[in-house]
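Hi,

Here is the structure I said I would pass on. Have a look at it, and then read my notes below.

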Amino acid sequence: MLLIRCPYCEAERPELEFTYAGEAHIARPADPSKLNDDEWKTHLFIRSNPRGTHFERWRHQHGCGRFFNAVRDTVSDKFAMTYKAGLPRPTETELEKARS
Amino acid sequence: MTSYRIPEKGRVNQGKPVRFTFNGASYVGFEGDTLASALLANGVHLIGRSFKYHRPRGFLSAGSEEPNALVGTDRGPGRFEPNTRATVLEVFDGLNTTSQNHWPSLKRDIGAVNDALYMLFSAGFYYKTFMWPKSFWNKVYEPIIRGAAGLGKSPTTPDPDTYASRFAHCDVLVVGSGPAGLAAALDAGKSGAKVILVDEQAELGGSLLSETDAGINGQSGWQWLEEARSALAAMNNVTVLTRTTAIGYYHQNLVGLCQRLTDHLPNPPADAPRERLWKVRAHQVVLAQGSIEKPLVFEGNDRPGVMLAGSARSYLNRYGVKVGNRPVIVTSHDSAWLAAFDLAEAGVKVAAIIDIRPNVSGHLMESAAALGVEVLSGWTVTGTSGRLRVASVRANPVSRSGVVGSARTIACDALLMSGGWTPSIHLFSHTKGKLDWNEEGQMFLPGEATEESRCAGAGNGVFSLAAALAEGAAAGAAAALDAGFAAKAASYRVDGELVLTGANNRELPTDRNTSKAKAFVDFQNDVTAKDIRLAVREGFKSIEHIKRYTTTGMATDQGKTSNINGLAIASDAVKRPAPAVGLTTFRPPYTPTTFGAFAGYNRGELFEVTRKTPIDGWAEQNGAEFEPVSLWRRAWYFPKKGETMHAAVARECKSVRESLGMFDASTLGKIEIVGPDAAEFMNRMYTNSWTKLAPGRLRYGLMLGEDGFIRDDGVIGRLTTDRFHVTTTTGGAARVLGMMEDYLQTEWPDLKVWLTSTTEQWAVIALNGPNARKLIEPLVEGIDLSDEAFPHMSVAEGKICGVPTRLFRVSFTGELGYEINVPARYGRAVWEELYRAGQQHGITPYGTETMHVLRAEKGYIIVGQDTDGTVTPDDAGLGWAIGKAKPDFVGKRSLTRPDMQKADRKQLVGLLTTDPNTVLEEGAQIVLDPSQTLPMKMVGHVTSSYWSAALGRSIAMAVIEGGKAREGETIHVPTPGRTHTAKVVGTVFFDPENKRLSA
């Protein structure tokens with residue numbers, strides 16, 4: 001069972017309190033009707049599914065209820081960091097710092 | 001019966017005899033014995049039959065790695081356990097055990113015919129032997145295979161024992177209490193760190209328990225062990241758990257422990273849990289798991305009496321049991337010589353030491369000579385004899401060039417083998433830690449760790465006692481230091497220790513036909529060396545494929561004694577080095593673990609919560625039958641005495657249509673949506689338009705996923721301009737709120753809206769039937785119920801029966817209807833008052849089944865029953881619920897994707913069976929042409945199907961490709977024995993003009 005740090009509660013809590021919520025940093029287009037079918041398909045279905053660093057969303061469902069972002073390695077399952085929803089994707093430098 | 005016990009040897013309490021049974025015969029052992037040591041002390045080696053060939057088998061080992069000695073234990077009613085390893089099962093007064101895998105008896109087993117039919121059971125026999133003819137599979141092969149498969153007998157009665165579980169946190173967790181683990185725990189403990197030390201055995205000590213020669217710090221090994229135990233017991237910061245197996249090592253230093261609490265007790269306390277599962281989150285972990293001895297691979301290496309040499313030494317030194325009166329040793333490792341010497345010194349006639357290696361160190365040769373033991377070095381073993389117990393061993397000299405000379409037969413009653421030692425890296429491997437191949441030792445060793453862990457001792461490839469103590473102490477101190485404690489590694493002086501070396505082998509050289517040899521690699525799954533070579537010849541090159549094809553390492557022992565031998569042979573056969581062939585994956589649990597331990601407290605009523613409405617108690621008292629709906633239990637129907645379900649539902653339906661019914665709808669999900677942007681938020685979340693919905697009005701709301709498919713629906717009331725009372729499906733409540741939160745928090749955080757779950761705050765009573773208004777009119781205060789003031793789809797706040805209510809005029813039955821929301825605490829009182837007052841109208845409580853029938857008669861869908869996550873609003877005939885003028889809502893863009901507009905999409909339709917008495921099965925598949933060849937093209941399925949009392953016939957709904965255009969056509973529903981026909985119709989079966997809603 002993973003320990004996950006909720007950036008709102010500022011505390012590590014067991015995985016049982018959280019639910020996974022898919023890839024992060026995929027913003028819903030402001031006006032979906034402007035997208036052609038291909039662009040909408042990409043927005044809807046195409047995900048990066050990397051081997052390694054993954055930017056993803058979690059929800060502290062049985063805690064504060066907030067959605068937040070996390071960086072997790074899909075091979076080792078280790079979290080590099082978690083951060084609040086709406087904040088930009090961390091840079092490689094910030095990730096390096098978080099990992100060390 | 002001759003005793004094989006040596007009075008002055010061992011650690012068992014020879015003053016405390018215990019009586020137990022094996023296959024009905026009574027035996028005496030001593031306190032501290034395992035079933036294995038106690039039976040061996042009675043001269044019993046034959047313990048079971050093998051899995052595939054039903055060959056007689058004896059004890060291979062003295063520990064948890066045991067592949068052969070699996071027994072059934074019976075501790076009374078409901079307490080039968082199969083596959084308990086006799087080598088770890090502690091005996092006590094009254095223990096009853098039985099052998100497995102034979103019929104009619106252990107000594108005469110019909111299944112042993114498989115042994116002669118071995119050619120049928122070679123590698124991959126599942127895929128070869130039982131292939132033809134095809135028709136034999138169902139009727140002949142499968143029943144036989146299922147009948148013969150499996151180890152032991154499953155218990156058939158519920159387990160009466162209880163199982164506990166707990167979390168624990170510590171600074172340093174030490175796994176294994178051999179010399180390395182003890183040294184680690186001592187130094188970590190002395191630093192003040194919170195330490196947990198676990199060992200699977202009944203007492204601490206590990207390998208020290210089986211040795212008698214080496215001394216530590218001027219004391220004997222056992223004296224030092226005593227002091228170490230006392231020192232640990234005296235430290236308040238150290239928890240010692242024996243009979244506790246570390247079963248799995250998970251992320252972030254979470255280690256699962258299974259502690260066996262009562263299995264060793266003759267009379268366990270009545271309320272004591274049998275086992276306890278620990279989930280330990282450790283700052284640092286020290287793995288001192290030790291090592292497991294490798295068998296040698298030669299023909300007949302599985303006969304009872306053939307045993308690992310180190311295990312024979314354990315039986316002698318730890319339990320005071322000699323495993324035979326005339327043992328022969330066969331080895332390629334020095335450690336087996338020590339077993340021979342210990343036995344000889346205990347007065348046992350060791351017939352010979354056969355060493356595969358041509359050259360053995362001089363001091364061993366000298367000791368053997370001094371003890372009068374014949375040594376055959378540079379020899380091989382090519383066979384054994386003896387039906388139920390080894391009687392002789394066939395040995396041959398091997399020349400320098402590898403030529404096997406002529407055989408010599410040596411009589412013996414035990415054959416003790418050693419192919420060297422394999423570090424136990426199981427827990428380390430659970431963490432996906434890197435494994436390094438050690439060419440000299442032909443073993444995998446822990447490499448770079450992925451967790452905060454250290455390995456020490458034999459489990460790290462450090463086999464000497466002195467080095468293991470030093471490495472353990474260093475690991476314990478370093479772990480404590482990393483956990484933030486000032487720690488120092490103690491130093492130990494070891495005397496009298498020999499430096500041991502060995503050589504590694506594949507199959508031993510032989511002068512016999514290897515294609516017929518049964519030289520076992522995996523004893524538990526009956527896999528031989530030739531099976532592995534055959535698999536490679538048949539094209540399996542990856543170790544994972546070889547494993548699955550031959551089943552080597554796939555038994556309950558996970559190949560503890562077989563993996564490395566299997567790898568060595570596979571590597572030779574595929575002609576690639578062992579590390580390139582690789583090791584199969586170790587998975588938790590380390591040893592077989594009871595389901596009870598995993599389930600813990602979560603069984604029976606505690607397995608899952610049962611949600612109950614405030615009115616549930618009334619339903620129970622009034623004879624309701626219940627059904628589960630998500631976590632809720634809901635009243636299903638209310639049978640009168642002697643009434644069938646069919647009759648009860650027909651009566652309930654009739655009563656609603658003719659007069660009045662009442663239904664507990666409290667399980668409906670409810671969400672209060674409040675704020676200046678509430679209407680805008682609703683516009684974005686639901687397909688419908690909400691801007692123009694006036695306060696005091698209701699609207700049916702439809703929610704899609706972003707993919708355009710129906711996710712949920714419900715009736716939604718607007719109470720004020722900035723407040724909506726949303727209802728959701730019973731099962732969808734949490735999901736809907738989660739989806740709303742997701743959009744609100746992450747896509748539209750600018751909207752000023754607050755979402756609150758109110759599902760459990762409101763009790764909801766649905767009243768339906770022509771007399772509904774008549775009933776509540778005198779009971780309601782502050783709401784004008786006239787059709788003009790309060791028409792269908794209205795909501796108002798007032799009082800009913802003197803308590804506050806949000807009254808909905810709405811119908812899920814097609815009748816005049818109300819949904820009375822009252823604060824949950826008044827739910828039952830209001831229900832009872834309505835029931836009392838409704839007697840004049842013959843008010844009838846009804847359950848979910850009647851609700852389903854009534855709504856189906858009206859063609860109202862149930863999300864999740866008539867939809868399945870691939871249904872669009874248009875497919876479901878709900879296109880009217882889409883606010884077409886709205887620029888956007890969740891799912892809108894997807895509705896214009898080409899796939900969503902195809903004419904042959906599955907669409908919801910009504911079905912009327914040709915035979916009005918036929919009620920189709922829900923889920924039944926639909927075909928257009930019933931005479932087509934198999935497999936038929938299925939064009940849809942039945943989603944809802946009921947007997948309609950109001951119509952006097954069956955009705956059904958279905959999704960069918962291009963269904964709407966097929967109205968009037970006949971479709972076919974093939975079912976076992978009969979194909980039904982039905983006509984495609986619209987989905988509204990009853991009162992299509994909705995006249996009754998405002999009657």
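**Where the chains meet**

Let's start with one pair: A:Asp37 and B:Arg893 join their side chains in a salt bridge, at 2.7 Å from N to O. Keep in mind as you read that this is a predicted model. Between chain A and chain B there are 5 salt bridges. The contact itself involves 25 residues of chain A and 28 residues of chain B. About 2200 Å² is buried between chain A and chain B, and carbon and sulfur atoms give 48% of that area.

**Salt bridges overall**

Over all chains, the count comes to 62 salt bridges.

**Two annotated stretches of chain B**

An unreviewed UniProt entry lists residues 517-600 of chain B as "domain: SoxA A3". Over residues 517-600 of chain B, the model has 45% helix and 6% strand, with the end C-alpha atoms 46 Å apart. UniProt, again in an unreviewed entry, gives "domain: GCVT N-terminal" for residues 618-886 of chain B. Here the chain is 25% helix and 31% strand, and 46 Å separates the end C-alpha atoms.

**A helix pair**

Helix H12 (residues 529-537) and helix H14 (residues 563-574), both of chain B, pack at about 35° with their axes 9 Å apart. Their crossing is right-handed. H12(B) brings B:Ala529, B:Ile532, B:Arg533 and B:Val536 to the contact, and the residues from H14(B) include B:Ile569, B:Ala570 and B:Asp572. By type, the contact residues are 7 nonpolar, 1 polar and 2 charged.

Most residues other than glycine have a negative phi, and most peptide bonds are trans. Against that background, here are some spots to check. B:Pro588 and B:Pro589 are joined by a cis peptide bond, with omega about -5°; B:Pro589 is in the loop between helices H15 (578-581) and H16 (595-599) of chain B. The bond from B:Leu934 to B:Pro935 is also cis, with omega near -10°. In chain A, A:Asp77 has a positive phi, near 70°, and lies in the loop between strands S5 (67-73) and S6 (79-84).

Cheers

Definitions and conventions: Residues numbered from 1 in each chain as written. Chains lettered and ligands numbered in written order. Predicted model: local features only at pLDDT ≥ 70, side-chain atom pairs only at ≥ 80, totals over all residues. Heavy atoms only, no water. Axes fitted to C-alpha atoms, helices over the stretch in contact; angles between N-to-C directions. Helix = DSSP H or I, 4+ residues; strand = E, 2+ residues; numbered from the N terminus. Left-handed = near helix turned anticlockwise from the far one by under 90°. Contact = heavy atoms within 4.5 Å. Nonpolar A, V, L, I, M, F, W, Y, C, P; charged D, E, K, R; others polar. UniProt positions renumbered as here; feature names shortened; annotations may be inferred. Buried area = accessible area lost by both parts, 1.4 Å probe. Salt bridge = Lys/Arg side-chain N within 4 Å of Asp/Glu carboxyl O.
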